[in-house]
Amino acid sequence: MRVRSLSGKKTLITGAASGIGRATALAAARKGARLVLTDVNSDGLAATVETIRSGGGLVEVAAALDISDYDAVTAFAEQVHDQLGALDVVMNIAGVSTWGTVENLEHRHWKRLIDVNLMGPIHVIENFVPPMIHAKRGGALVNVSSAAGLLAFPWHAAYSASKYGLRGVSDVLRFDLERNGITVHLVVPGAVDTPLVQTVDIVGVDRDDPRIQAWIKRFRRHAKSPDEVAETILKGVEKGTYLIHTQFDIRFGYWWARKFAWPYEFVMRRANDLFTTFLPRPPAESSETPAVEAANLSVDSADEPAVTAIETPAEKAGAHTPE
């Protein structure tokens, strides 16, 4: 059944130490929710808990942990269920961001985004949703994706991989959980002025570049505050809205992308052209042609036998030598 009010509802919020997660925790507390909070930042989480309790809100359980750690999430879930039983509302808000072109992104960037932004929510879903099903009280699952889970923004390949993935999980669970009375809500924020704006990792560019700083300032002028986004999320949950937009421009952009494919592709290409100008220029290539370079490296000696390179089976298969 739809969660018409958070009052008295046992509500888990991840990422509660800062940004949208903290703002949502504070807003949910004002509505009378019984909160279960977590974040990897222990100091920030403690500050959120103190603020809520000093204002008369109720935090039932709070623990600092990394949601990408399945064992840590499982142990936390066992603690919560032993103390409170099944929850009513689960909100996956915690996330990280890294931008960059594919030649600049490293494996660690891709892995961290998938581990935190996709596998983290999956760990939470695995541990907290089945008990909700068994409790037969209905409830709500909230997954915070991103506008980058709807649209192809430049330099967002790794980030979008995680956010499109969470969107896919939500699309399926929307129907899977309907028979259990659990509503699913996919939040797709646009620009939000959180601490992440100042700390987002942009691989391959100099953040101090005046052009980059100008775009960050422009972003912040356009951005919603975390408090505004939190109120939008809670209203969407109470209304039973599946796709929760926080800004009109993202709602319009998503509609436009579906209805007008060619103009959308044109705009995305132009956006990529613009972002490419922020990349440092590659070093000048050698003026010598490959043939000249090869000639300079060759040894023309009748006294030495010719040496032929022999590929091993592993090299033929493209295997890499361990570092």
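Which residues in H1 meet which residues in H8? In the predicted model examined here, local features require pLDDT of at least 70 and side-chain atom pairs count only at pLDDT 80 or more, whereas totals for chains, interfaces and linings use all residues. Residues are numbered from 1 along each chain as its sequence is written, and side-chain values use heavy atoms, with hydrogens and water left out.

On the H1 side, Gly19, Ile20, Ala23, Thr24, Ala27, Ala28 and Arg30 meet Pro226, Asp227, Val229, Ala230, Glu231, Ile233 and Leu234 in H8, contact being defined as heavy atoms within 4.5 Å. By class, this contact comprises nine nonpolar, two polar and three charged residues (Ala, Val, Leu, Ile, Met, Phe, Trp, Tyr, Cys and Pro count as nonpolar, Asp, Glu, Lys and Arg as charged, and the others, Gly among them, as polar). H1 and helix H8 (residues 226–239) pack at about 55 degrees, with axes 8 Å apart; axes are lines fitted to C-alpha atoms, for helices over the stretch in contact, and angles run from 0 to 180 degrees between N-to-C directions. The two helices, H1 and H8, are therefore oblique to each other (under 35 degrees counts as roughly parallel, over 145 as roughly antiparallel, 65 to 115 as roughly perpendicular and the rest as oblique). H1 passes H8 in a right-handed crossing, the near helix being turned clockwise from the far one by less than a right angle.

The axes of helix H1 (residues 19–30) and helix H2 (residues 42–54) come within 10 Å and cross at roughly 20 degrees, which makes H1 roughly parallel to H2. The crossing of H1 past H2 is right-handed. Arg22, Ala25, Leu26 and Ala29 of H1 and Thr48, Thr51 and Ile52 of H2 make the contact, which contains four nonpolar, two polar and one charged residues.

Helix H3 (residues 70–84) packs with helix H4 (residues 107–135) at an angle of about 25 degrees, their axes lying 8 Å apart; H3 and H4 are therefore roughly parallel. Their crossing is right-handed. Tyr70, Val73, Thr74, Phe76, Ala77, Val80 and His81 in H3 meet His123, Val124, Glu126, Asn127, Phe128 and Pro131 in H4, giving eight nonpolar, four polar and one charged residues.

The second largest pocket has a volume of about 170 Å³ and is lined by 12 residues, of which Arg174, Glu178, Ile182, Thr183 and Val184 lie nearest its centre. On a 1 Å grid over the protein atoms alone, a pocket is an open set of points where a 1.4 Å probe fits, with protein on both sides within 12 Å along at least five of seven lines, and lining residues have an atom within 4 Å of a point. Helix H5 (157–176) and strand S7 (182–188) each give two or more residues to this lining, and S7 provides the largest share, four residues. Five nonpolar, four polar and three charged residues make up the lining.

Key. Points joined across faces, edges and corners; volume = space filled by probe spheres on them.
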